[in-house]
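Hi everyone, thanks for coming. Please have a look at the sequence and the structure on the screen, and then I'll walk you through a few parts of it.

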Amino acid sequence: MNAPVTRDVWQSVPSLWNAEEDDVLICCQVRHETHDVKSFIFRPRTPGLIRFLPGQFLTLELEIDGETVNRCYTISSSPTRPDTLSITVKRVPGGLVSNWLHDHLTAGMSVRALGPSGEFACALHPAGKYLFLSGGSGITPLMSMSRSFHDLGEDRDVVFVHSARTPADIIFRRDLSLLATNQPGFRTAFVCEGRGSEADWSSPTGYLDLSLLKRIAPDFSEREIFCCGPEPYMAAVRALLAGGGFDMKHYHEESFSFADTSGDQEGEEADRADETGAADAVGFTVEFAKSGRTVVCAPGQKLLDAARAAGLRLPSSCAKGVCGTCKSRLVSGEVDMVHGGGIRQREIDQGLILPCCSTPRSDLVIER
Ligand code: FES
């Protein structure tokens, strides 16, 4: 059991947690949210407050079976309670990291983390009215935003529509109902594919479509929309909003189902890289030392794209420089790297790079 938090502990809180200085977080509690979803609550190793925007994510760096694995998880807690942060993880059949977290991570264990990062935050898009649309575990960033509105006593005009497989799969169902009870301007609606074991489920079943959205939020076109969920869900939302004439300048989305989307991205990016490579044979050579392969990287081409175009599979996930999955050691040469927080300054100083957001400035040797 964790030691009780005494006045001395509160008075000793010296600073903000900074992953650059100490990237260790201690898991202090695990909560069961649904039959296949758990929340993991973390605090800094040394007392400190954690600062983030509601909607941002954390990248966990885990050692699983001797391999370092990076995964991004959106923070589900609110920064108004900054002593801890929580991530909420659904167990994915066959998923390496979600199963490891569910089966192995317990209170008292530590993890390494990067961030918080990300721009999916309503604080960056102030509006009079919001519409939150989430599918499955995509509820987490919207929950963080909703919790922060509640804790700050901001009775915002929010319509929160969450889609789930069955009522038993609705994450944070009780929490959302409490938020709606305490704030007249906060309304929730659930759409379930089926009733599951709740025969008396009286909310809509099926899928969210335009007519249902109009019934739930007739003024949806006046709202700033934040959407998070699996890519097929977000694609369906984009299509229904387009069908409803929504101005997509006011639409924001986030997805971290990288395992699902990376295959598609790989295919598309490889195709684009192939075209580039065919059109321009001039470039820098990139030697991947461990695999013994040398590829040509066209001017302006990202290293990850060049590797993929040559049939080399590097570990990758976001392809945007935020998750850290592709981190690699640069043995020689120079790159231009524009990352999104997926690498620490001291790692850059030690010669690490993110190939997904790096272009060569010279011939390179990479330890992969
Ligand atoms: S794949 Fe995410 S940082 Fe490179």
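Helix α6 covers residues 231-243, which makes 13 residues. From its first C-alpha to its last, α6 reaches 18 Å, close to the 18 Å expected at 1.5 Å a residue; the expected span is 1.5 Å times one less than the number of residues. Helices here are DSSP runs of H or I with at least four residues, strands are runs of E with at least two, and both are numbered from the N terminus.

A word on the source: this is a predicted model, where local features need pLDDT of at least 70, side-chain atom pairs count only at pLDDT 80 or more, and totals for chains, interfaces and linings use all residues. Residues are numbered from 1 along each chain as its sequence is written, and side-chain values use heavy atoms, with hydrogens and water left out.

Back to the helix. Which residues of α6 are buried? They are Tyr233, Met234, Val237, Leu240 and Leu241, where buried means under 20% relative accessible area, exposed over 50%, and partly exposed in between, with a 1.4 Å probe and protein chains only. An α-helix has 3.6 residues a turn, so residues three or four places apart point the same way. On the other side of α6, Pro232, Ala242 and Gly243 are exposed.

What do the buried residues of α6 pack against? Their partners are β7 (129-135), β8 (157-164), α5 (210-216), β10 (224-228) and β11 (251-254), with contact meaning heavy atoms within 4.5 Å. Just after α6, Gly245 takes a positive phi of about 70°.

Now over to a sheet. Six strands form an open sheet in the order β4-β3-β6-β1-β2-β5, with antiparallel pairing; two strands pair if DSSP finds at least two bridges between them. β4 (67-74) and β5 (85-90) stand at the edges with a single partner strand each, so one side of each has no neighbour in the sheet. Eight bridges join β1 (residues 24-34) to β2 (residues 37-44), and Thr34 has Val37 as its bridge partner in β2.

Finally, confidence. The mean pLDDT, the predictor's confidence in each residue from 0 to 100, is 87 for the protein. Over residues 258-281, though, pLDDT stays under 50.
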